[in-house]
Amino acid sequence: MASPSVLKTVLSLRIFTLLALAASVVLMGLNNFKDDDGSKTKFTDLIAYRYVIASGVIGFLYTLIQIPFAIYNVIKEKRWIRNGFLQEFDFYGDKVMAFLLASGVGVGFGVTFELKRAFDEVFNDKAKKFLDMGNISTGLLLVGFVFMALLTILSSNRHSSSAKNGFFN
């Protein structure tokens with residue numbers, strides 16, 4: 001069983017992840033502008049930004065599901081479901097989510113920097129602000145990824161310390 005400080009750290013990291021991903025999704029969802037000719041540009045007009053928000057939403061939902069289990073784990077100092085399922089779910093789920101968030105970060109920063117580099121002189125101030133908001137939203141997704149990456153380290157340590165019949169044991 002993990003120490004109470006590790007359990008509290010896991011809960012804190014899950015809450016920080018949830019907040020960062022929520023902020024990222026909200027900022028990207030509000031990211032739009034109306035051009036001088038009346039045409040409206042939304043985040044959904046860029047497929048890459050749709051991927052950023054989708055990875056943020058999926059990560060948010062996964063973290064939201066994990067928080068009640070983490071709270072129970074901190075309060076009772078034992079797992080809610082004790083057959084090993086939650087530990088495996090943490091171990092593999094955290095890793096999958098970390099990779100998903102990392103790919104969202106790469107896509108978001110990649111498309112924003114390429115558009116700014118290639119079309120900077122063509123874009124007006126509204127379009128530049130649109131891309132800057134995309135960068136900020138992607139930056140918050142990066143923060144969520146860092147917290148999730150720390151969670152993968154903790155879930156790996158907790159998984160390996162309690163493995164009984166693992167592949168290398």
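Accessible areas come from the Shrake-Rupley method with a 1.4 Å probe, and for residues only the protein chains shown count as cover. The chain in this predicted model exposes about 9500 Å², of which carbon and sulfur atoms supply 68%. Local features need pLDDT of at least 70 and side-chain atom pairs count only at pLDDT 80 or more, while totals for chains, interfaces and linings use all residues. Residues are numbered from 1 along each chain as its sequence is written, and side-chain values use heavy atoms, leaving out hydrogens and water.

**Overall fold**

- The chain holds 4 helices and 2 strands, where helices (H or I, at least four residues) and strands (E, at least two) are DSSP runs numbered from the N terminus.
- Along the sequence these elements follow the pattern α-β-β-α-α-α.
- Of the 169 residues, 36% count as buried; buried means under 20% relative accessible area, exposed over 50%, and partly exposed in between (1.4 Å probe, protein chains only).

**Nonpolar cores**

- A nonpolar core is a set of buried Ala, Val, Leu, Ile, Met, Phe, Trp, Tyr and Cys residues joined through side-chain atoms within 4.5 Å.
- The largest core has 24 residues, and Met28, Tyr49, Leu141 and Met148 touch the most other members.
- Helix 1 (4-29), helix 2 (47-76), helix 3 (85-119) and helix 4 each give two or more residues to this core, with the largest share, 7 residues, coming from helix 4.
- Apart from this core lies another of 6 residues, among them Leu7, Leu11, Leu18 and Val74.
- Beyond residues up to four places away in sequence, Met28 touches Phe43, Tyr49, Val52, Ile53, Gly134, Ser137 and Thr138; contact means heavy atoms within 4.5 Å.

**A buried aspartate**

- Asp90 lies in helix 3 and counts as buried, because its relative accessibility is 7%.
- Leaving aside neighbours within four places in sequence, Asp90 is in contact with Arg14, Tyr62, Gln66, Arg79 and Ser155.

**Record annotation**

- The unreviewed UniProt entry places the feature "transmembrane region" at residues 12-31, 51-75, 96-113 and 133-154; such annotations may be inferred rather than shown by experiment.
- Residues 12-31 are 90% helix and 0% strand, and their end C-alpha atoms are 29 Å apart.
- Residues 51-75 are 100% helix and 0% strand, with end C-alpha atoms 36 Å apart.
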